[in-house]
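Reader: I am new to this structure and would like to learn how to read it step by step. Could you take me from the whole chain to its details?

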Amino acid sequence: MPARPSILIARTVFPEVVDKLRQHFDVETTPAGTVWSAQQLVQRLQGKEGVLTTGSERIDAALLAACPQLKIAANLAVGFNNFDLDAMTAAGVLGTNAPDVLTETTADFGFALLMATARRITESEHYLRAGHWKEWSLDLFAGAEVHGSTLGILGMGRIGQAIARRGALGFGMKVIYHNRSRLPEDKEAAIGARYVDRDTLFAEADHVVLVLPYTPAVHHTVGAAEIARMKPTATLVNIARGGIVDEEALVAALRERRIAAAGLDVFEGEPRINPALLTVPNVVLTPHIASATLPTRMAMAMLAADNLIAYLTEGRALTPLNPEVVGRA
Ligand code: DGY
């Protein structure tokens, strides 16, 4: 009987996922709370044909050169900026991600963060908890209107479209968007979204939501110039990746009230947080939880597990990022 493939689960996942993988593989797990350094990851991957990653473990040329047995890295996130896909393709290593299963949950959170930001929910809660509330007053924590306002979405993939539907259908918002490629007209009409150029998006939106994938080309693509185009009453929400926003420029704008508020679920260099962000009251900060409901996180991890099983036992890829490597080994 041929030896079972060995795999590494590079971060703690639910026991059900480990049990499923153990039916097919020799599985090495990672202790709770452990985040492997690049060097440790290379050590753990010796002799492993597959790895289940979380979106933080970097799979690049150096790691691939040191782990020649590796055949697949299955990300349990939809974002895959931790993969150097060109290097993986050159090494014949399949990369997979976890699309679709988190779309609606992530859109729910994007909308929740927009609401919390516009309506100053955490700022007012901190005020109340600190015992500052002495009397009701007409303008106490008066925020920005959400219903009927203009929602600007940068990045109109599956999650962007799900947020657009919530805004248009649920809150009567006018939806404008910018994306690398424009949606077909019938889709725009169904969602109720209008394509605009980037400058118009920042200038016209009352609430800007960032949902674009991170690549080096969009590093700090939202910086001082974009923020300067925004209305002083506008809000900015980022549920994509931290590196997309120039946090220094954002902090300065929030401090000087050049925009009303921001909601951030992702940070450059997370889980480290730029200390300046912690000093401004008009920003809602959450620890990268947009997809965090138990059913969705389970579905994400199970999809990564299914990719490992399909590829290492049958040579099939369910959600491949570089399908050209399939069948090449
Ligand atoms: C994703 O799936 O990309 C989410 O940001 C979780 O990492």
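Reader: What percentage of the 329 residues in the chain do buried residues make up?

Author: This is a predicted model, and in it buried residues make up 50% of the 329 residues in the chain. A residue counts as buried when its relative accessible area is under 20%.

Reader: How many helices and strands does the secondary structure of the chain come to, and what radius of gyration does the chain have?

Author: The secondary structure comes to 12 helices and 12 strands. The radius of gyration is read against a rule for globules: with 329 residues, a compact globule would have a value near 20 Å, and the chain has 22 Å, which agrees. Along the principal axes, the C-alpha atoms fill a box of roughly 75 × 50 × 30 Å. Of the contacts between residues at least 6 apart in sequence, 62% join residues at least 24 apart.

Reader: Which residues are around the ligand?

Author: The residues around the ligand are Ala-77, Val-78, Gly-79, Leu-102, Arg-241, His-288 and Met-300. Sorted by class, this shell has 4 nonpolar, 2 polar and 1 charged residues.

Reader: What should I look for in the backbone angles?

Author: Most residues other than glycine have a negative phi, and most peptide bonds are trans. His-288, although not a glycine, has a positive phi of about 50°, and this residue lies in the loop between β12 and α12 (294–314). Arg-257, also not a glycine, has a positive phi of about 55° and is placed in the loop between α11 (247–255) and β11.

Reader: Is His-288 buried or partly exposed, and which peptide bond is cis?

Author: His-288 counts as partly exposed, at 28% relative accessibility, and Arg-257 is partly exposed with a relative accessible area of 43%. The peptide bond from Glu-270 to Pro-271 is cis, with omega near 10°, and Pro-271 is found in the loop between β11 (261–264) and β12 (283–285).

How values were computed:
Residues numbered from 1 in each chain as written. Predicted model: local features only at pLDDT ≥ 70, side-chain atom pairs only at ≥ 80, totals over all residues. Heavy atoms only, no water. Near = heavy atom within 4 Å. Nonpolar A, V, L, I, M, F, W, Y, C, P; charged D, E, K, R; others polar. Helix = DSSP H or I, 4+ residues; strand = E, 2+ residues; numbered from the N terminus. Rg over C-alpha atoms; globule rule 2.2 N^0.38 Å. Buried < 20%, exposed > 50% of the residue type's maximum accessible area, 1.4 Å probe, protein only. Contact = heavy atoms within 4.5 Å.
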